[in-house]
Each structure stands twice: as structure tokens, then as C-alpha cells.
Amino acid sequence: MTTAVAHANIAFIKYWGNLVGALRLPYNSSLSMNLSAATTTTTVKFLRDIPADCLVIDGAERSGPALDRVVSHLDLIRQRAGLTERAVVESANSFPMGTGIASSASAFAALTVAAAAAAGLELGERALSALARRGSGSAARSIPGGFVEWHAAPTDEGSYAESIAAADHWDLRDIVAVVSRAHKATGSTDGHAAAVASPFFAARMTALQTELPRVRQALLDRDMATLGPAIEAEALALHAIAMTGRPPVLYWAPETIGLLHQVHAWRADGLAVWFTLDAGPNVHLICEGGAAADVEAALAPLDCVESILHNRPAGPASLVRD
Ligand code: DP6
């Protein structure tokens with residue numbers, strides 16, 4: 001029996017579109033920060049006497065697509081380890097699934113670390129990251145700690161993530177304003193497939209050739225004045241592509257747009273806060289530690305905000321030793 005814990009991550013330069021969907025080889029490299037308050041803890045047991053894999057998430061046994069995806073990932077690990085036993089996988093999240101907080105990232109990072117160890121595979125961080133990527137692309141970035149870059153590459157082993165700075169490099173915060181807990185209608189996997197038909201897809205790829213190094217440098221320099229505008233533009237570019245893909249996908253709720261205007265108004269009043277969004281309706285408010293209390297105070301009176309999740313930069317995925 002092996003247990004692992006992994007943090008979700010928020011991307012500043014995002015993964016949106018696959019070159020090879022079956023291997024989750026992305027078109028572009030991406031940059032992210034691990035999130036302290038958004039974790040998945042997963043226990044894996046390979047057992048000789050059970051007929052099929054069993055998946056329990058937050059206390060409820062799952063079947064259908066959620067189970068199928070975990071079985072495929074376990075198959076990959078079994079194949080590498082030369083193992084035939086089926087597994088019991090028990091997983092618990094510290095945050096609501098399917099709401100734009102990247103539950104698949106922490107889920108597949110924790111599953112990869114726990115299942116690889118339970119299967120007796122001894123893999124380094126790069127190999128674990130590339131393996132986690134096969135379960136969910138953004139999970140590759142939840143294996144290393146702190147601030148992370150995931151490299152786009154044409155091969156399975158070549159596309160892994162690594163840390164560019166440790167969690168204590170910069171006291172950056174991601175205060176997630178949860179406006180909806182409803183499970184999103186279009187999952188990221190379908191979103192990636194729809195994106196590449198957008199007429200704006202190629203333009204974003206070209207722009208990222210200069211944007212990604214600029215955002216990487218802003219993270220390394222702790223340069224909020226460069227990072228803030230760049231991450232807002234990147235989030236809007238992703239959603240512009242989602243809205244113009246085939247089929248088009250609109251992830252925003254009315255409350256999402258209200259909050260985006262609100263962030264601009266707060267900034268006009270001197271509050272140093274910027275937004276980013278994932279494939280969902282919730283708004284991630286990015287600021288430095290010194291502004292965090294003011295951002296929380298500004299959010300407090302808003303009826304549209306169901307709850308908040310206050311994140312600091314977090315460390316790598318790890319095994320939990322008992
Ligand atoms: C918008 O990693 O969830 O959050 O590989 O199909 O599991 P799959 O997709 P996923 O996509 C994340 C998309 C995003 C941007 C990002 O995190 O980079």
C-alpha cells in the first residue's frame with residue numbers, strides 16, 4: 001500500500017492543444033505554480049485476488065469515464081513494471097472537482113507517484129513527470145515543486161516538466177474565487193481537441209515564442225508589473241481560442257465576467273491584483289503576499305463568490321511515508 005500527495009497548479013502560460021492527443025504531447029511549453037491549498041492524496045494497493053481495478057474518490061466509488069481513465073493509466077504502469085495485479089485506488093481532494101481548479105493535475109500526479117512506487121518502479125522526477133503527463137497533461141507540472149516549466153517535445157520521454165524556481169522563491173498568491181461548483185460541461189480533453197481548429201490557434205503559437213520567455217523571466221525576477229498583464233492576456237487568448245474552436249466552448253459564467261471587470265476596477269483603485277482562468281468559470285486572482293489581505297477583503301462582500309481558496313506556492317508531489 002502506497003500513498004502520495006500532489007498539489008494542483010495554476011498555469012501562467014497555458015497548455016491548450018495537443019500535437020499528439022493520444023500521448024498528450026502539447027503544441028507549446030507552459031509555465032505554472034503549484035498550489036498549497038489544492039491537494040490530492042491517493043493510496044494505491046495492487047491486490048492478487050480482485051477481478052478489476054476499483055476507484056474511490058472522496059468516499060464514493062466511481063465507474064464510467066473517470067474509472068476508465070485511471071485504468072488506462074494503471075495499465076501503462078503495469079506494463080512498465082511487468083505486473084498483472086488489479087488495484088484499489090482511493091483518492092481524496094481538498095477542493096471541489098471539475099470547477100476550473102485543476103483536479104486532474106493533482107489527481108494524476110498523485111496517482112502516478114503512488115502507483116509507480118506500489119508497482120516497484122524506481123523512476124526519477126523527469127520520468128515521473130512524463131508518465132503523469134500521459135494521464136493528464138497538466139499533471140506533468142504537478143510532479144516538480146514550486147514554479148515549473150513543462151517542455152513541449154516530439155517524444156514521450158522528452159516532454160516532461162521541471163522546476164525553474166523553488167516554492168520559497170517568491171511569495172506569489174493565487175486566491176481562487178469559486179463562483180460555481182457545477183461540473184463543467186466540456187472537459188479539458190475535448191477542449192484541447194476543439195482548440196486547434198480555431199483561426200486564432202496559430203497566432204497564439206507564434207506569440208508564445210516571445211511570451212513564454214518573457215513570463216519565465218518575470219517569474220525569475222519576481223516582476224509583478226510584467227507578469228500581471230502578461231497572464232491576463234494569456235488567459236483571455238486561451239478563452240478566445242476555446243470560444244472559436246470546433247465545436248466552440250464557452251467556459252464563463254455571468255459571474256466570471258463580473259469578476260473580471262471587478263479586477264480591472266480594483267486595479268484602477270491601486271490594488272495590485274491580476275486574473276487568470278483555467279478551463280472553467282472560477283477566477284484565479286494573482287497577487288503578491290503583501291496585497292493578499294486586501295484582495296480577500298475586496299472579495300468578501302461579493303455575493304457571486306461561493307468560497308475562496310487561498311494558495312501559496314507549494315512543493316513537489318511526494319510519497320507519504322507511514
Ligand atoms: C486550461 O491537463 O486538464 O488548465 O491533458 O486532457 O487532462 P488533459 O487536459 P488538462 O488541461 C489543462 C488546461 C488548462 C491550462 C493549463 O493548466 O495549462
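Trainee: Is Tyr 251 buried or exposed?

Mentor: Tyr 251 is buried, since its relative accessible area is 7%, where buried means under 20%, exposed over 50% and partly exposed in between, with a 1.4 Å probe and protein chains only. The model is predicted, so local features need pLDDT of at least 70 and side-chain atom pairs pLDDT 80 or more, while totals for chains, interfaces and linings use all residues. Residues are numbered from 1 along each chain as its sequence is written, and side-chain values use heavy atoms, leaving out hydrogens and water.

Trainee: How many aromatic pairs does the structure hold, and how is such a pair described?

Mentor: A pair of aromatic rings is described by the distance of the centres and the angle of the planes. Rings of Phe, Tyr and Trp (its six-membered ring) pair if their centres lie within 6.5 Å, and planes under 30 degrees apart count as stacked, over 60 as edge-to-face and the rest as tilted. The structure holds three such pairs; in one of them the centres of Trp 16 and Tyr 251 are 6.2 Å apart with planes at 70 degrees, so this pair is edge-to-face. Trp 16 is buried as well, at 3% relative accessibility.

Trainee: Which angle lies between the planes of Tyr 27 and Phe 201?

Mentor: The angle is 75 degrees, with 4.9 Å centre to centre, and the pair is edge-to-face. Tyr 27 counts as partly exposed at 36% relative accessibility, whereas Phe 201 is buried at 6%.
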